Amino acid sequence: MADRRSRSVSSRKQPQQARSNELVAAILAAAVQVLAKEGAQRFTTARVAERAGVSVGSLYQYFPNKAAILFRLQSDEWRNTSELLRGILADRTRPPPARLRALVHAFVRSECEEAAIRGALSDAAPLYRDAPEAREARAAGEGIVATFMREALPDASEAKRELAGELIKTTLAAVGKRFSEAPRSKAEIERHAEGLADMFCAYLDELARRGGHS
């Protein structure tokens with residue numbers, strides 16, 4: 001079962017030539033447009049192929065079904081998020097609280113800018129979320145957060161650091177998703193992100209002050 005599911009969300013083959021890369025890029029761009037306009041329930045390979053201006057057969061050369069296309073879009077989003085985490089949290093020229101604050105602002109802005117596609121991908125998650133590839137992709141950013149927590153809370157226990165990292169990640173994701181469901185002005189985004197960052201920084205400051213002890 002695991003092998004079959006793994007194949008079902010994996011690209012059929014990787015493009016090797018410039019023309020093939022252009023075809024895959026066109027398919028993915030069309031998929032984003034279809035997903036944003038039609039939503040997860042009406043997302044089909046036929047609609048994607050039509051929007052991309054290619055035959056369904058050409059699409060199937062690279063993506064065996066719609067789950068594979070959706071997983072590629074989601075894995076690209078996860079990779080971008082991991083790069084965002086790494087670029088900000090690994091910057092040791094700034095103290096941990098400043099890095100965390102910068103991350104919150106960048107993440108909330110990103111959630112609002114890409115709310116439509118992220119919401120649709122969330123609706124489509126049952127098609128691929130239990131596949132091995134999905135678990136591997138989600139795990140990519142965990143090591144980045146763990147490294148940051150060791151630096152931010154050097155005197156805390158590993159269990160305390162893991163809990164703090166998990167609480168910040170899940171809260172940031174949940175609040176960002178909920179906040180981005182409605183159109184927001186730049187001022188609203190900045191104000192909301194600053195308040196959220198204040199909460200997280202106060203939480204880490206308290207943990208650091210207590211030395212990680214209850």
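Read along the sequence, the protein follows the pattern α-α-α-α-α-α-α-α-α-α-α. There are eleven helices and zero strands; helices (H or I, at least four residues) and strands (E, at least two) are DSSP runs, numbered from the N terminus. The model is predicted, so that local features need pLDDT of at least 70 and side-chain atom pairs count only at pLDDT 80 or more, whereas totals for chains, interfaces and linings use all residues. Residues are numbered from 1 along each chain as its sequence is written, and side-chain values use heavy atoms, with hydrogens and water left out.

Begin with the whole chain. Of its 214 residues, 40% count as buried (buried means under 20% relative accessible area, exposed over 50%, partly exposed in between, with a 1.4 Å probe and protein chains only). Among contacts (heavy atoms within 4.5 Å) with a separation of 6 or more, 70% join residues 24 or more positions apart.

Next, select helix α6, residues 96–113. Its 18 residues should span 26 Å at 1.5 Å a residue, and the end C-alpha atoms are 26 Å apart, which agrees; the expected span is 1.5 Å times one less than the number of residues. In α6, 13 of the 18 residues are buried, so the helix is largely enclosed by the rest of the structure.

Move to Ser180, in the loop between α10 and α11 (186–210). Is Ser180 buried or exposed? Ser180 is buried, with a relative accessible area of 9%. Leaving aside neighbours within four places in sequence, Ser180 is in contact with Glu111, Cys112 and Ala115. The C-alpha atoms of Ser180 and Glu113 are separated by 8.2 Å, although the two residues are 67 residues apart along the chain.

Now display the salt bridges (a side-chain nitrogen of Lys or Arg within 4 Å of a carboxyl oxygen of Asp or Glu). By this rule the count comes to 14.

- Glu181 and Lys177 meet in a salt bridge at 3.5 Å, N to O. Glu181 counts as exposed at 54% relative accessibility, and Lys177 as partly exposed at 40%.
- Arg42 forms a salt bridge with Glu38, the closest N and O atoms being 2.9 Å apart. Arg42 is partly exposed, with a relative accessible area of 43%; Glu38 is partly exposed too, at 26%.
- Glu151 forms a salt bridge with Arg92, with the closest N and O atoms 3.4 Å apart. This pair links distant parts of the chain, Glu151 in helix α9 and Arg92 in the loop between α5 (66–89) and α6, 59 residues apart. Glu151 is partly exposed at 27%, whereas Arg92 is exposed at 60%.

Finally, go to the second largest pocket, with a volume of about 150 Å³. On a 1 Å grid over the protein atoms alone, a pocket is an open set of points where a 1.4 Å probe fits, with protein on both sides within 12 Å along at least five of seven lines; lining residues have an atom within 4 Å of a point. Grid points are joined across faces, edges and corners, and the volume is the space filled by probe spheres set on the points. Select Glu142, Val145, Ala146, Met149, Glu158, Arg161, Glu162, Gly165, Glu166 and Lys169 to show the lining. Helices α9 (142–152) and α10 (158–179) each supply at least two of the lining residues, and the largest share, six residues, comes from α10.
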